[in-house]
Amino acid sequence: MNEAETRAELIDPKLKACGWGIVEGTKILREYHITQGKIQTGGGRGKCEIADYILVYKGIKLAVIEAKSNNLPVGEGVMQAKKYADKLYLDTAYSTNGKEIYQICMKTGKEGLVTDFLSPEQLWNKTYPPSTNTGDTSNIERSRNAEAWREAFADVPFEDKSGSWQLRYYQEIAIRRTVEAIAQGKNRILLTLATGTGKTAIAFQIAWKLFQTRWNKSIYNEKLTMDNEGSAENNYPLSTVNYQFRRPRILFLADRNILADQAFNAFSSFPEDALVRIRPDEIRKKGKVPTNGSVFFTIFQTFMTGTDKEGKPAPYFGDYPTDYFDFIVIDECHRGGANDESNWRGILEYFSEAVQLGLTATPKREDNADTYRYFGEPVYIYSLKEGINDGFLTPFKVKRIKTTLDDYRYALDDTVVEGEIEVGRLYEEKEFNRTIEIVERETKRVNIFLDEANQNEKTLIFCANQAHAALIRDLVNQYAKSKDPFYCVRVTANDGEDGERFLREFQDNEKTIPTILTTSQKLSTGVDARNIRNIVLLRPINSMIEFKQIVGRGTRLFDGKDFFTIYDFVDAYKHFSDPEWDGEPIEEVCKKCGQIPCICFDEPPQTCPSCGQIPCICLNEPPSTCYYCGQSPCICYKPGPEPCPKCGKHPCVCIKKVKVKVKLARGKEREIQHMISTSFWSADGKPISAEEFLKNLFGELPKLFKDEEELQELWSNPITRKTLLEKLEDAGFPKSDLRTLQKLVDMEKSDLYDVLEYVFNGDHIAITREARAKAAEATLFALLNDKQKEFISFVLSKYIETGVDELAQEKLPTLLINKYQSLEDAKEILGEVADIRKLFIEFQKYLYKQKIA
């Protein structure tokens, strides 16, 4: 039997006999697509991962089955089954050839042959062992309570928005792990998922399950001891939870209005009267905070504002009882909400009785460790690298751009337009557009980008500050091909409602204006625009967290978007070499309590004796801004003189410094040179040099063919050539990178075959595609009739123009239509389809003969 027959005749009956697809609540998912396949440059996708069977019971995926044909050993599917189970976070995996069944427990490591598949109830109890009588009554109650809520959550299907939306595998895992943590009674939960992976959609599905089951914190905390009939001792049987208890009150907290608005719109499947957008103007107008709803959306800043009747600060969140909200989602929680020194922390402490879910895109490092101390280790992590390799995020290219004016030392023929220049001082990247401004330098950078990029593609440009963003906006509009006055606009904090309107129009994929946004800090998060094709870095990115957020602006999928490009003028590419770029969270023991995660932050906050607020608001003087780097706190660690005797600060903050503005001497801007380099990427998602790429490729090629003769044989046939290219792709050498290498070794007019020969033997003399075509014609045309010659000449002209892609089997119908207008006309001239295909395949061996005169 082949594999399909083995499934139908041997495996399916066994599953049915064990109750799968028969017992109520069971489901068998066949040919389950786990991933979509990595997006390939030039269109198409790599191989997607497909599980033969997924066993589902009570709405939860429990096991994966890898099927093989009955003439293969059962062990052939074991590694694949383990791989899929590990990816899907399933405890049980099977490999079977219909005659034998090999079972693996991913949790205990136990594995071996078994006589049959586990029944639905057996597999459920294996995954979620029932509570046993250990003598600890409270523990038994908690376990039974968790079991009841787990099943209640599982009974609520995911909301698919009338079939228009489908959960990705990692989103389902994130939801399952979160509601399981809630069922277990956990109060602080963290999800770490890369930007663009749908954290808001995940939050929506979690809230949906809580809302539909009427879960709430007060009900969960009640004593729900179950008797043998399944009733509860205190008031209600769990089966009546959906009817007896109130809906949960859920709060979605963000730090920007656009994020809160996006979430509000994403929750549109909830009843209209359940959703409430909390706004400060409406609170002031009505004189009270809104309470007529179930799911509330606001930003930290709104909750922190408010005054009492005497005009003293009285944050609005204090108008709610401390136990008002049952569940709180903190979006982008790494941005300060969990920081014990942040004002936002006061909100989280005030509503400490609520279950709090933190959403972040960044693994733990020193600059966000407080977030992990507060929430604990993530219940699930999905990285940027995984998202790109799975095909759920868009891959990217990096263009590093260096100019001869990346730093500057004053020359006497230049003109100081404003401020005082330090003669002899070398001004570095971090000081440009903060301490010193040279318009010609920025003009050069803008023109380099405009020359390199497609000016019709949506682009984000990150600038040093708001003034720099305004300058870049004006320069782009001056030099761009488009003369629409709103082609490039600035979106910063100072742009207010106009900026928000421009951002909404930019996010609208149906609109082409504005095309480019300049910003400084504001757009590093919160821009859910799927068609961003370019990200331009014109300021140093000092934080890995911010760097990942900025890169994430371009990762969202869009039709026809094979990749996006990062134009790096400031050496930000070095972050890719950081071992924590996509690393695992660091283990950190709290210095105070000695625990992982920290458990000492649950102490009640102290009231300030001066202002009476939690947290204190009377000592929050605005921090001084560093004169050199323009940041607060200072990030440049600039050494220098003693603190100012007047203000006691270094550098002095009591005298306003004037930014130095320099105009280059006439003609100097034309002398600015630049260089662009493109990165290669290894199979594990790390950038490598061209030399290392070559070295790795040299080591990989002998595994794919033993000598040049075999390479020629493989490459001469479009079928085996495609297989070879797929193997190279799997080994970390995609066709796009081979083409970049082709440029680097000056073989752009040659065939990719010549590139591989060059790498294989090191001294291959490449010939052009045109020379190959002429040499092939000289031998081949003697064997063809006039009509065949005409067609092959046409094919070769396309090959010379474009390259070996024109010789792929998939290209044949297009070539025939381009030449003869229709396939029927082509058949009339060249004969039957089989004959045409044979001609197309066999002529190619003449292109790759060893000796070409």
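I started at Pro514, which sits in the loop between helix H17 (496–507) and strand S21 (516–519). For my own reference, helices (H or I, at least four residues) and strands (E, at least two) are DSSP runs, numbered from the N terminus. A cis peptide bond joins Ile513 and Pro514, with omega about 0 degrees.

A note on what I'm looking at: this is a predicted model, where local features need pLDDT of at least 70 and side-chain atom pairs count only at pLDDT 80 or more, while totals for chains, interfaces and linings use all residues. Residues are numbered from 1 along each chain as its sequence is written, and side-chain values use heavy atoms, leaving out hydrogens and water.

Overall, I logged 28 helices and 27 strands in the protein. Buried residues make up 50% of its 853 residues; buried means under 20% relative accessible area, exposed over 50%, and partly exposed in between (1.4 Å probe, protein chains only).

Next I checked positive phi values. Lys58 has phi near 55 degrees and is not a glycine. Lys58 is in the loop between strand S2 (50–57) and strand S3 (60–67), and is buried at 18% relative accessible area. Tyr89, also not a glycine, has a positive phi of about 55 degrees. Tyr89 lies in the loop between helix H2 (78–88) and strand S4 (92–96) and counts as partly exposed at 34% relative accessibility.

Then I looked up Thr302, in helix H11 (residues 300–304). Thr302 is buried, with a relative accessible area of 5%. Leaving aside neighbours within four places in sequence, Thr302 is in contact (heavy atoms within 4.5 Å) with Ile278, Arg279, Pro280 and Tyr316.

Which residues of H5 meet H6? I found Gln171, Ala174, Ile175, Thr178, Val179 and Ile182 in H5 against Ile202, Gln205, Ile206, Lys209 and Leu210 in H6. These divide into seven nonpolar, three polar and one charged (Ala, Val, Leu, Ile, Met, Phe, Trp, Tyr, Cys and Pro count as nonpolar, Asp, Glu, Lys and Arg as charged, and the others, Gly among them, as polar).

Last stop was helix H25 (residues 786–802), whose 17 residues reach 25 Å from first C-alpha to last, close to the 24 Å expected (1.5 Å times one less than the number of residues). I noted its buried residues as Phe791, Ile792, Phe794, Val795, Leu796 and Tyr799. They pack against helix H24 (769–780), helix H26 (812–820), helix H27 (823–830) and helix H28 (833–842).
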